[in-house]
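Trainee: I would like to go through the labels on this model and ask what stands behind each of them.

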Amino acid sequence: MKVKDKLSKADSMAMEADYERYAKIDYLIALRTLEITQPWKPGPAYKIGGKSSKISREPEDIAIKKDADKKLNRLYWLQRRGDSAIKKFDDTEKQMFDLKFKSFQHYNWIEVGEQLQLSQASVYRRRAAMLEILAAEEGVI
């Protein structure tokens, strides 16, 4: 018989931070893609002349840079794991996720419980279950 693994406090905090990043993952991916495709280059505000003498393989170069970028790959990995975890939530857990991580109100867990009319104990049990779902997806437990 296997004893169920529990998340440590540090792992719980890391999973909660991953959910926060997952809630804005589309923005983070778009931002990193923009950083890769449009890098800032110091220089004059304008250039005289053109690039007519240069043959460009820019689309290929960008694709290679995106494939090799560790930060972008980590964001895509988190997106896949988060999508998989969210699919396993019940309706109440989805509402909790939306209130905690996607709301502009910045609710804490107690306020999330008040909004959904759940007891504090129920909120923290469901929170632990949500964190364990993501931890299982990420291979932490």
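Mentor: Start with the word helix: a helix is a DSSP run of H or I of at least four residues, numbered from the N terminus. Just after one such run, H7, glycine 139 takes a positive phi of about 80°. The model is predicted.

Trainee: How many helices and strands are there in the chain?

Mentor: The chain has 7 helices and 0 strands. Read from the N terminus, the order is α-α-α-α-α-α-α.

Trainee: Why is threonine 33 called buried?

Mentor: Its relative accessible area is 16%, and buried means under 20%. Threonine 33 therefore counts as buried. This residue sits in helix H2. Leaving aside neighbours within four places in sequence, threonine 33 is in contact with Lys66, Leu72 and Tyr76.

Trainee: What share of the chain counts as buried?

Mentor: Of the 141 residues, 32% do.

Trainee: What makes the span of H7 close to the expected one?

Mentor: The expected span is 1.5 Å times one less than the number of residues. H7 has 19 residues, for which 27 Å is expected, and its first and last C-alpha are 27 Å apart. For H5, with 12 residues, the reach is 15 Å, close to the expected 16 Å.

Trainee: What caps the N-terminal end of H5?

Mentor: Aspartate 90 does: one of its side-chain oxygens lies 3.2 Å from the backbone nitrogen of threonine 92. The cut-off for a polar contact is 3.5 Å between N or O atoms, so the 3.2 Å pair falls within that distance.

Trainee: Which residues of the largest nonpolar core touch the most other members?

Mentor: They are Tyr19, Phe89, Phe97, Trp109 and Met130, out of 27 residues in that core. Helices H1, H2, H4, H5, H6 and H7 each give two or more residues to this core, and H7 gives the most, with 6.

Trainee: What does tryptophan 109 touch, not counting residues up to four places away in sequence?

Mentor: Its partners are Glu16, Met96, Lys100, Phe101, Val123, Tyr124, Arg127 and Met130. Among the buried residues of H5 are Met96, Lys100 and Phe101, and those of H7 include Val123, Arg127 and Met130.

Trainee: What covers the buried residues of these two helices?

Mentor: For H7 the cover includes H1, H4, H5 and H6; for H5 it includes H1, H4, H6 and H7.

Notes. Residues are numbered from 1 along each chain as its sequence is written. This is a predicted model: local features need pLDDT of at least 70, side-chain atom pairs count only at pLDDT 80 or more; totals for chains, interfaces and linings use all residues. Side-chain values use heavy atoms; hydrogens and water are left out. A nonpolar core is a set of buried Ala, Val, Leu, Ile, Met, Phe, Trp, Tyr and Cys residues joined through side-chain atoms within 4.5 Å. Buried means under 20% relative accessible area, exposed over 50%, partly exposed in between (1.4 Å probe, protein chains only). Contact means heavy atoms within 4.5 Å. A polar contact is a pair of N or O atoms within 3.5 Å; within protein, one must be able to donate a hydrogen and the other to accept it, and residues adjacent in sequence count only if both atoms are side-chain atoms.
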